[in-house]
Amino acid sequence: SNLVIIWDVTDPAHPFEVGRWAVPNADELRKAGTEYYIHTADVTFQDEHAIVVVTSEDFGPHVSLFWVLDGDGMKDVKSGAEPINMTTLGTWHNPGNHDATATLAFSLHNPRTHDGGILTISSYHAGVWQLDIRGKDLWADPAPIAYAVYADGSSTVAQDPVEGTVQGKLCGLASGIEAPEYMDVEVGHNGILYLADVFGGLYTF
């Protein structure tokens, strides 16, 4: 889907929609052969501003993006009212303009915002990136501050016997992983970063 919908679940028994956003010019992009698949969103609160980060997980010959959105208006939406349409403040993609390709090789994946506006995001074979989105100028133009990537390595000795079946039948990703592919990241409260590599295992930073 190229649509993001955000719900207020303060009362879990009575959720209501507070905001939505669609990939700009989605129909024109699709006709040109580019279709973004919205995968994950995260939010950071900065000086009473709600900043939403949305990533696309991409399977095609185009550059994978994330978008920075203005979510301020969602705070004023009450149950039964119309949700706001969030606006785009900025975007970012890998600085080498590498295509995601059908194997997800340079696709963005899971964003994690922390420490008042630091964004840490996994990007399969493109590694893990940290960007600064602390402030209006950086919402429009996120600034890379750190990254880690390993182009080669050795696969884990232990192999899950059902991994191939899960990839092929459940995820549809039976693409033959033969190099490091960082599919998820988490940042602990103690500042330690945990990076999941479906080829080589778990990294900590």
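Of the contacts in the chain with a separation of 6 or more, 45% are accounted for by residues 24 or more positions apart, contact being defined as heavy atoms within 4.5 Å. The model is a predicted one, in which local features need pLDDT of at least 70 and side-chain atom pairs count only at pLDDT 80 or more, whereas totals for chains, interfaces and linings use all residues. Residues are numbered from 1 along each chain as its sequence is written, and side-chain values use heavy atoms, with hydrogens and water left out.

The secondary structure of the chain comprises 3 helices and 14 strands, taken as DSSP runs numbered from the N terminus (helices, H or I, at least four residues; strands, E, at least two). Of its 205 residues, 40% count as buried, a term that denotes under 20% relative accessible area, with exposed meaning over 50% and partly exposed lying in between (1.4 Å probe, protein chains only).

A search of the whole structure finds 8 aromatic pairs, where rings of Phe, Tyr and Trp (its six-membered ring) pair if their centres lie within 6.5 Å, and planes under 30 degrees apart count as stacked, over 60 as edge-to-face and the rest as tilted. The rings of W21 and W67 have centres 5.2 Å apart and planes at 55 degrees, so this pair is tilted. Because W21 belongs to strand β2 (residues 16-22) and W67 to strand β5, the pair ties together parts that are 46 residues apart in sequence; both W21 and W67 are buried. For Y182 and Y203, the ring centres lie 5.7 Å apart with the planes at 65 degrees, so the pair is edge-to-face. Here Y182 lies in strand β12 (residues 182-187) and Y203 in strand β14 (residues 201-204), so that parts 21 residues apart in sequence are tied together. Y182 is buried, with a relative accessible area of 0%, whereas Y203 is partly exposed at 23%. Ring pairs also link F66, W92, W129 and Y147 into a cluster.

S64 is placed in the loop between β4 (49-56) and β5 (65-70) and is buried, its relative accessible area being 1%. The side chains of S64 and D58 are joined by a polar contact of 2.6 Å, that is, a pair of N or O atoms within 3.5 Å of which, within protein, one must be able to donate a hydrogen and the other to accept it, residues adjacent in sequence counting only if both atoms are side-chain atoms. When residues up to four places away in sequence are not counted, S64 touches S56, D58, W92, H93, F106, S107 and L108.
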